[in-house]
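Colleague: Could you take me through this model, question by question, before I plan around it?

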Amino acid sequence: MVDHPDYGSAWRQRDYNVVTSPEFKKAMADNHVILVKWKDLQKLLN
């Protein structure tokens, strides 16, 4: 693609590093955030 910046995978790695960090996990717990998966939502529909 002409004139399209190559984003590569560096941003994906940074996202992964953040969401797998102990600090992020602690922030989730401190704020009572419960992660759900698509399968969890699907069960609610059945």
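This is a predicted model: local features need pLDDT of at least 70, side-chain atom pairs count only at pLDDT 80 or more; totals for chains, interfaces and linings use all residues.

Modeller: Residues are numbered from 1 along each chain as its sequence is written, and side-chain values use heavy atoms, with hydrogens and water left out.

Colleague: Which pattern does the protein follow along the sequence?

Modeller: Helices (H or I, at least four residues) and strands (E, at least two) are taken as DSSP runs and numbered from the N terminus. The protein has 3 helices and 0 strands, and read along the sequence the pattern is α-α-α.

Colleague: What percentage of the 46 residues is buried?

Modeller: Buried means under 20% relative accessible area, exposed over 50%, and partly exposed in between, with a 1.4 Å probe and protein chains only. Serine 21, in the loop between helix 1 (10-19) and helix 2, is buried at a relative accessible area of 14%. Across the 46 residues of the protein, the buried share is 4%.

Colleague: Which residue supplies the backbone oxygen that the side chain of serine 21 reaches?

Modeller: Serine 21 is found in the loop between helix 1 and helix 2. Its side chain comes to 2.8 Å from a backbone oxygen, and that oxygen belongs to valine 18.

Colleague: Which residue forms a salt bridge with lysine 26?

Modeller: A salt bridge is a side-chain nitrogen of Lys or Arg within 4 Å of a carboxyl oxygen of Asp or Glu, and a search of the whole structure finds 1. Both partners lie in helix 2 (residues 22-30), 4 residues apart, about one turn of the helix. Lysine 26 is exposed at 51% relative accessible area, and its partner, with the closest N and O atoms 2.6 Å apart, is aspartate 30.

Colleague: Is tryptophan 38 buried or exposed?

Modeller: Tryptophan 38 is placed in helix 3 (residues 38-45), and it contributes to a nonpolar surface patch of about 660 Å² together with Ile34, Val36, Leu41 and Leu44. Such patches are made of residues with over 30% relative accessible area and no salt bridge, like charges being joined within 9 Å and nonpolar side chains (Val, Leu, Ile, Met, Phe, Trp, Tyr) within 5 Å. With a relative accessibility of 74%, tryptophan 38 counts as exposed.

Colleague: What is the phi of histidine 32?

Modeller: Most residues other than glycine have a negative phi. Histidine 32 lies in the loop between helix 2 and helix 3 and has a positive value, near 55°.

Definitions and conventions:
Accessible areas come from the Shrake-Rupley method with a 1.4 Å probe; for residues, only the protein chains shown count as cover. A polar contact is a pair of N or O atoms within 3.5 Å; within protein, one must be able to donate a hydrogen and the other to accept it, and residues adjacent in sequence count only if both atoms are side-chain atoms.
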